[in-house]
Amino acid sequence: MSELALENFHFLRPWWLLVIPFAVWLYFILRRRFNAADQWKSVIQSDLLQHLTVAGSSDKFIRPYQLLTVALTLASVALAGPTWQRVITPFTQDKSPFIIALQMTPTMLATDQQPTRLERAKQKIRDLLDKRQGARTAVVAYAGSAHPVLPLTDDVGLIEIYLESMLPGVMPLDGNDPAAALSLAENMLATEDAVGTILFMTDGIDRTASDSFAEHAAKSADQVLFLGFGDDAESPIKSDEAGGRSFGLIDGIAPPIDRAGLDAVASASGTSLVMVTPDDADVDAIMRRISTNLVSSIDEDENLQWRDFGYYLIWPLMFLVLLWSRRGWTVRWL
């Protein structure tokens, strides 16, 4: 159970917990009834009773009254309704807006991740869209300036069409300005009722942008995530996709990924950097963080019902009840 879950843990019907003290009291009453030494204390002196009592092995076996105590305790907890999470419906999940900020600088044409960093990023976008199953997604492209490619939409086919035409050559200004992309994404999420996520797909962000991301984290519940592309060595770029522009790169060589800058900006955003992987591990990590942020925001929504986890205690309770089907397995009340 996470720290947030521990903070939210409570009982929906706490008065049922009053059964627990009764179960404990009943346990000691029945235990005394089955204890031969306790029964003879009123008849035989205690110093003499010690020499007349023969220790047996009955304590090694579970008594019916002991299981009765456990069953009553489980039943009281189940009826009390333990909970630590709001009810999350598929409709609620679909409302979570997701904005992808895709870096469109020429360094994203580096071939250290085949076919290029940019093409690998597009593949990861497709994987994320498949995982989100039609939930609303928007795409922002940025280099020296930031521009909305698509507003929030659940049309995967439309996003796919625009992805094919996204290349650094179409960007009007050279440079790398993630703060502009963050501001644009903030404006797109400003009118949304549900908490959202902004995912930066990038091969580097200068640590000087940390202040902008820290300011966003302080004022907004919309989380920012980072998916990093590139290796720790220089790499040639695929110049035929650069649109005939050099963008100031020396000999068409892209620098290695700026891990230090990305780590600094991610830390300022209250998150951590996720590096691209050949499999779906990176996509799964992003999806988990989206879900965690959504659950956190839902738990703060007092209009949603709490999820009753007491039903899960029915199964061990049924197992204990089944033990009463054994012959002679009863509790003598009188």
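L18 is placed in the loop that runs between β1 (10–11) and α2 (19–34); helices (H or I, at least four residues) and strands (E, at least two) are DSSP runs numbered from the N terminus. The model is predicted, so that local features need pLDDT of at least 70 and side-chain atom pairs count only at pLDDT 80 or more, while totals for chains, interfaces and linings use all residues. Residues are numbered from 1 along each chain as its sequence is written, and side-chain values use heavy atoms, with hydrogens and water left out.

L18 counts as exposed because its relative accessibility is 64%; exposed means over 50% relative accessible area, buried under 20%, and partly exposed in between (1.4 Å probe, protein chains only). Together with W15, W16 and L79, L18 forms a nonpolar patch on the surface, with about 450 Å² of accessible area in total. Accessible areas come from the Shrake-Rupley method with a 1.4 Å probe, and for residues only the protein chains shown count as cover.

In soluble globular proteins, nonpolar side chains tend to be buried together. The two cores below are sets of buried Ala, Val, Leu, Ile, Met, Phe, Trp, Tyr and Cys residues joined through side-chain atoms within 4.5 Å.

| Nonpolar core | Size | Residues named |
|---|---|---|
| Largest core | 33 residues | L102, L199 and M201, with the most contacts inside it |

The largest core, of 33 residues, draws two or more residues from each of β3 (98–103), α7 (117–132), β4 (137–142), α8 (156–164), β6 (197–202), β7 (223–228) and α12 (281–299). Helix α7 gives the most, with 5 residues. Leaving aside neighbours within four places in sequence, L199 is in contact (heavy atoms within 4.5 Å) with F98, I99, I100, A101, L128, L225, F226, L227 and I286.

S210 lies in helix α10 (residues 210–219) and counts as buried because its relative accessibility is 13%. A polar atom of the S210 side chain lies 2.7 Å from the backbone oxygen of R207. Beyond four places in sequence, S210 is in contact with A264, V265 and A268.

Overall, the protein has 13 helices and 10 strands, and buried residues make up 40% of its 334 residues.

How values were computed
Patch = residues over 30% accessible without salt bridge, like charges linked within 9 Å, V, L, I, M, F, W, Y side chains within 5 Å. Salt bridge = Lys/Arg side-chain N within 4 Å of Asp/Glu carboxyl O. Polar contact = N/O pair within 3.5 Å; in protein donor to acceptor, adjacent residues only side chain to side chain.
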